[in-house]
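User: I would like to learn how to read a protein model. Please take me through it feature by feature.

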Amino acid sequence: MATGHDGNGRRPRVLVLGGGFAGIGAAQQLKKSDAEVVVVDKHDYHTFQPLLYQVATGLLEQPAVGHPIRDLFHGQDNARVHQDQVTAVDLDARRVTFDELEPLPYDYLVFALGAEVNFFGVEGAADHAFPLYTLADAVRLKDHVLRAWEEADRKPGVIEDGALNVVVVGGGPTGIETAGALAELYNGVFRKDYPDVSADQAKITLVEAGPELFPMFKEDIRAYTEKALAKRGVEVMTGEVVESITPLRVTLKSGTVLPAHTLVWGAGLQGNALVQSLGLELERGNRIGVDSELRIPARPEVYAVGDVAAITDQKTNQVLPQLGSVALQSGEHAGKTIADRIADKETKPFKYHDKGTMATIGRGAAVVQMLGGRTMKGKTASLAWGTVHLALLPTNEDRAKAVVDWAGAGLTHQRSGRITVET
Ligand SMILES: Cc1cc2nc3c(=O)[nH]c(=O)nc-3n(C[C@H](O)[C@H](O)[C@H](O)COP(=O)(O)OP(=O)(O)OC[C@H]3O[C@@H](n4cnc5c(N)ncnc54)[C@H](O)[C@@H]3O)c2cc1C
């Protein structure tokens with residue numbers, strides 16, 4: 001395969017599918033490369049997923065977690081951005097098909113389409129659960145919760161039927177962060193917003209199938225998390241599996257029926273559905289297996305990065321988790337490697353720099369576990385969480401905005417995003 005210009009002097013085309021951390025990281029590393037870079041995403045914005053729960057609970061407004069993708073390439077002359085849905089990838093023909101754009105052939109492909117929710121076939125989940133994976137999901141959940149409280153204010157009778165109860169499924173970071181943030185919204189803001197609504201009857205229940213919350217963390221963090229959730233009034237049910245969901249009820253396999261008009265699904269992910277059509281043997285969770293340079297084996301011109309890839313850590317020999325820092329670093333590595341190949345330079349295997357595993361349970365209550373096993377909890381961990389996540393935001397302007405929003409919310413307890421806008 002030609003690495004640099006072809007016989008006609010044409011620059012190689014690097015087609016980047018997906019404008020998440022991984023796709024943006026790859027495309028930006030190609031800024032100085034003698035390549036034509038094309039980025040395609042179905043949205044015209046880059047989503048900062050780690051803060052979606054803050055949009056869902058009114059702490060942040062939408063633009064704080066959705067940044068225009070075009071804006072990120074203003075200074076990159078060799079890059080073009082298109083908003084369109086990728087519909088098929090033909091690895092043999094080296095060509096990608098879209099909803100509306102003409103099909104695009106590529107010399108190098110960066111497959112960075114991320115993951116999507118996995119309901120594991122639970123009855124009613126696809127129709128009635130609220131996942132939290134996209135900006136639209138976050139806004140939908142926020143609007144639903146706000147409408148439930150407004151309805152309870154008008155018709156207090158619905159409270160007894162569970163109108164204000166929320167069941168959050170999944171004892172990992174997404175479920176715990178969402179349950180904690182909802183509890184703070186309920187106790188810190190809604191009690192004042194709705195003085196006539198009996199807030200004591202509004203329950204937030206976290207349901208986890210396994211024996212404990214946060215299985216990826218050490219015991220001291222798990223104990224801290226349980227206490228922090230209990231302090232916020234979140235009821236935790238472990239060893240319970242959701243069997244079915246209707247708009248008003250959640251039924252567990254044990255037979256327990258929870259009256260709740262909202263079920264937040266934070267229990268599982270799988271690789272983007274398009275991976276099924278690539279004709280590849282997939283890894284666990286429908287992720288694409290890659291070699292040490294993040295290429296699909298036998299397809300040296302195709303790189304899979306971020307949540308959609310199963311990347312094995314060189315140090316631990318374990319598959320890396322689906323995290324923002326893994327996505328950004330793997331995307332950047334793919335972009336740099338492609339630039340090196342185009343320039344006929346030597347390439348290197350991917351090495352992940354682990355900044356620790358972390359999550360937030362609420363204001364001033366975060367947890368961090370470093371690579372060596374050291375743990376942090378509470379305010380220090382919140383600060384570490386903030387520092388690591390600010391670094392993932394795409395521009396300095398976004399970082400400045402986030403600091404102001406977070407500080408404002410911390411000082412005033414206000415959540416200015418808690419409005420619903422009819423369109
Ligand atoms: C609620 C939540 C909380 C999280 N919290 C944290 C956290 O605290 N810390 C952390 O490090 N990580 C966190 N993560 C994980 C982190 O956000 C992901 O690992 C990261 O976003 C993955 O980046 P990516 O680029 O691989 O995929 P994504 O960010 O998912 O980007 C994929 C892109 O592909 C686009 N796309 C998908 N399908 C198509 C298609 N067919 N056609 C065109 N475009 C398409 C999408 O629009 C999207 O822009 C969280 C994730 C979630 C959902």
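User: How many salt bridges does the structure hold?

Analyst: First, the ground rules. This is a predicted model: local features need pLDDT of at least 70, side-chain atom pairs count only at pLDDT 80 or more, and totals for chains, interfaces and linings use all residues. Residues are numbered from 1 along each chain as its sequence is written, and side-chain values use heavy atoms, leaving out hydrogens and water. Now the general idea. Side chains of opposite charge can pair when their charged atoms come close. A salt bridge is a side-chain nitrogen of Lys or Arg within 4 Å of a carboxyl oxygen of Asp or Glu. The structure holds 17 of them.

User: Which residue forms a salt bridge with Arg249?

Analyst: Asp161 does, with the closest N and O atoms 2.6 Å apart. Arg249 sits in strand β16 and Asp161 in the loop between α5 and β12, so the pair ties together parts 88 residues apart in sequence. Helices (H or I, at least four residues) and strands (E, at least two) are DSSP runs, numbered from the N terminus.

User: Is Arg222 buried or exposed?

Analyst: Buried means under 20% relative accessible area, exposed means over 50%, and partly exposed is in between (1.4 Å probe, protein chains only). Arg222 has 14% relative accessibility, so it counts as buried. Its salt-bridge partner is Glu212, at 3.6 Å, N to O. Glu212 is partly exposed, at 29%. Glu212, Glu219 and Arg222 are linked in a network of salt bridges.

User: How far apart are the end C-alpha atoms of helix α4?

Analyst: Work out an expected span before you look. That span is 1.5 Å times one less than the number of residues. Helix α4 has 20 residues, so it should span 28 Å; its end C-alpha atoms are 29 Å apart, which agrees. Buried residues in α4 include Leu135, Leu141 and Trp149.

User: How many residues surround the ligand?

Analyst: A residue is near a molecule if one of its heavy atoms lies within 4 Å of it. Here 29 residues surround the ligand, with Asp41, Val86, Asp307, Gly324 and His389 the closest. The largest share of the shell, three residues, comes from α8.

User: Which backbone atom is 2.8 Å from a ligand oxygen?

Analyst: A polar backbone atom of Gly324. A polar side-chain atom of His43 lies 3.0 Å from a ligand oxygen. The ligand alone exposes 1,000 Å², and the protein buries 93% of that (Shrake-Rupley method, 1.4 Å probe).

How values were computed:
Polar contact = N/O pair within 3.5 Å; in protein donor to acceptor, adjacent residues only side chain to side chain.
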